[in-house]
Amino acid sequence: NSSSQDSKNLPSIDLVGGSYKFTKEFSGSLYYADTENYFQKTYANLNYATALSDSQGVAIDFNIYNTKGDSDIATYDLLDNRTFSLAAAYSIGAHKFTVAQQTVTGTGGYKYGIDGNSTMFLANTVQISDFNQEDERSWQVRYDLNMAPYGFPGLSFMARYLRGDNFTTATGGEGKEWE
């Protein structure tokens, strides 16, 4: 089918996969995509969330992409990398505290655009930066506050800090970024 809205000129994409809920607390996903003349990607996710009590809970979220280039375009042909993230969250009452780590290994950074614009499921893909350069390591700390218990249903507050390093800049130096 066509939406006639393909501004990236996607030649074709074959996609197969699915999600499965193993238990009430534990679920997983596995997907494979072959984007013609660009790359093949495999994506996997494992997610575990459980209540510790009426007011406390923990959640762990693991995501991984394996990308292999298949292109006449040099920036895509050389791709052979793994990008993964692990996030852990602790909730108590209206408060949630999260820590996350993300790493890119192999050749090339995580590439996207032709295969779904900015759709990617990694812990440190945020507002401005994606922290997805070749060999980049990044960390995140985050705080969320649900204002409903304080009389403001639907209102929430979030603050986070991310830092990435260990990637090579265009001038050959060690790159660092933060948000």
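Q: Let's start with one residue. Which strand is Ser-138 found in?
A: This is a predicted model, and in it Ser-138 belongs to strand S7, which covers residues 137–146.

Q: Is Ser-138 buried or exposed?
A: The general idea is to look at relative accessible area, where anything under 20% is called buried. Ser-138 comes out at 0%, so it counts as buried.

Q: Which residues does Ser-138 touch?
A: Leaving out residues up to four places away in sequence, the list is Ala-100, Gln-101, Gln-102, Asn-124, Phe-131, Arg-163 and Gly-164. One of these, Asn-124, also makes a polar contact with Ser-138, side chain to side chain, at 2.8 Å.

Q: Now for the rings. What describes a pair of aromatic rings?
A: You need the distance of the centres and the angle of the planes. Searching the whole structure gives 12 aromatic pairs. Take Tyr-161 and Trp-178: their ring centres are 6.3 Å apart and their planes sit at 25°, so this pair is stacked.

Q: Where in the chain do Tyr-161 and Trp-178 lie?
A: Tyr-161 is in strand S8 (residues 156–168) and Trp-178 is in strand S9 (residues 174–178). The two are 17 residues apart, and their pairing links distant parts of the chain.

Q: How accessible are Tyr-161 and Trp-178?
A: Tyr-161 has a relative accessible area of 38%, so it is partly exposed. Trp-178 has 62%, so it is exposed.

Q: Which residues form an aromatic cluster?
A: Tyr-43, Tyr-65, Tyr-110, Tyr-112 and Phe-121 form one cluster together.

Q: Let's zoom out. How many helices and strands does the protein chain have?
A: There is one helix, along with nine strands. Read from the N terminus, the order is β-β-β-β-α-β-β-β-β-β.

Q: What box do the C-alpha atoms fill?
A: Along the principal axes, the box is roughly 55 × 45 × 30 Å. Of the chain's 179 residues, 31% are buried.

Q: What part of the contacts joins residues 24 or more positions apart?
A: Among contacts with a separation of 6 or more, such residues account for 47%.

Notes: Residues are numbered from 1 along each chain as its sequence is written. This is a predicted model: local features need pLDDT of at least 70, side-chain atom pairs count only at pLDDT 80 or more; totals for chains, interfaces and linings use all residues. Side-chain values use heavy atoms; hydrogens and water are left out. Helices (H or I, at least four residues) and strands (E, at least two) are DSSP runs, numbered from the N terminus. Buried means under 20% relative accessible area, exposed over 50%, partly exposed in between (1.4 Å probe, protein chains only). A polar contact is a pair of N or O atoms within 3.5 Å; within protein, one must be able to donate a hydrogen and the other to accept it, and residues adjacent in sequence count only if both atoms are side-chain atoms. Contact means heavy atoms within 4.5 Å. Rings of Phe, Tyr and Trp (its six-membered ring) pair if their centres lie within 6.5 Å; planes under 30 degrees apart count as stacked, over 60 as edge-to-face and the rest as tilted.
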